[in-house]
Amino acid sequence: MLADNIQLLRKRAGMSQEQLAELTETSRQTVSKWESGESIPDVIACDRMAEAFGVALEDMLHYEEKNKSLPLPPKGKHMFGTVTVGARGQIVLPKKAREVFQIKAGDTIMVLGDEAQGIALVKADDMIDFVQQALKMANQKDQN
């Protein structure tokens, strides 16, 4: 996985092995060995690559693109896969999505939609907090 991800991300970034070697303070031959799976980079090199490629370190190390229909996501972005809509419109959120966004049984979720961009799910408590902050800022602006 790591070897494939390094090569994929390097090519996606339009970098040569030489450029990646410079970034990680290694040699082109070392990068070649990482990409062929003959050796693995140390933690510092992995961190530098993840930062340069704009992906989460965990994803760079563990993401298996060939087993998923979705490409390696940028850092902070998540692609949890697909869900099937039931007969009454119900969906089951993937476990990892629930964990990342701390969604628990009983939480209320707002469904927002934009015909041009799609559907977004937002925890109702987070939306209420956002609206309250926006109103507070608007009131402060009116007072000035």
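For these notes, a pocket is an open set of points on a 1 Å grid over the protein atoms alone, with protein on both sides within 12 Å along at least five of seven lines, and a lining residue has an atom within 4 Å of a point. Grid points are joined across faces, edges and corners, and a volume is the space filled by probe spheres set on the points.

**Ground rules.** I am working with a predicted model, where local features need pLDDT of at least 70, side-chain atom pairs count only at pLDDT 80 or more, and totals for chains, interfaces and linings use all residues. I number residues from 1 along each chain as its sequence is written, and side-chain values use heavy atoms, with hydrogens and water left out.

**Largest pocket.** I looked up its volume and found about 780 Å³. Its lining has 23 residues, and I91, L93, I103, I109 and L121 are the closest to the centre. I then asked which elements contribute: α6 (95-100), β1 (109-114) and β2 (118-123) each give at least two residues. Here helices (H or I, at least four residues) and strands (E, at least two) are DSSP runs, numbered from the N terminus. The largest share, 5 residues, belongs to β2. By class I noted 16 nonpolar, 2 polar and 5 charged residues; Ala, Val, Leu, Ile, Met, Phe, Trp, Tyr, Cys and Pro count as nonpolar, Asp, Glu, Lys and Arg as charged, and the others, Gly among them, as polar.

**Second largest pocket.** This one holds about 310 Å³. I see 17 lining residues, with D59, Y63, P73, H78 and K96 closest to the centre. Two or more residues come from each of α5 (57-62) and α6, and α5 gives the most, with 3. The lining divides into 8 nonpolar, 3 polar and 6 charged residues.

**The two strands.** Next I followed β1 and β2, which run antiparallel and are joined by 6 bridges; strands pair if DSSP finds at least two bridges between them.

**P41.** Is P41 buried or exposed? I found P41 in the loop between α3 (28-36) and α4 (43-53). P41 is buried, at a relative accessible area of 8%, where buried means under 20% (1.4 Å probe, protein chains only). Beyond its neighbours within four places in sequence, P41 is in contact (heavy atoms within 4.5 Å) with L2, I6, W34, C46 and M49. I also checked P41 against D125: they are 84 residues apart in sequence and 42 Å apart in space, C-alpha to C-alpha.

Key. 1 Å grid on protein atoms, 1.4 Å probe; cavity = no way out; pocket = protein on both sides within 12 Å on 5 of 7 lines; lining within 4 Å. Buried < 20%, exposed > 50% of the residue type's maximum accessible area, 1.4 Å probe, protein only.
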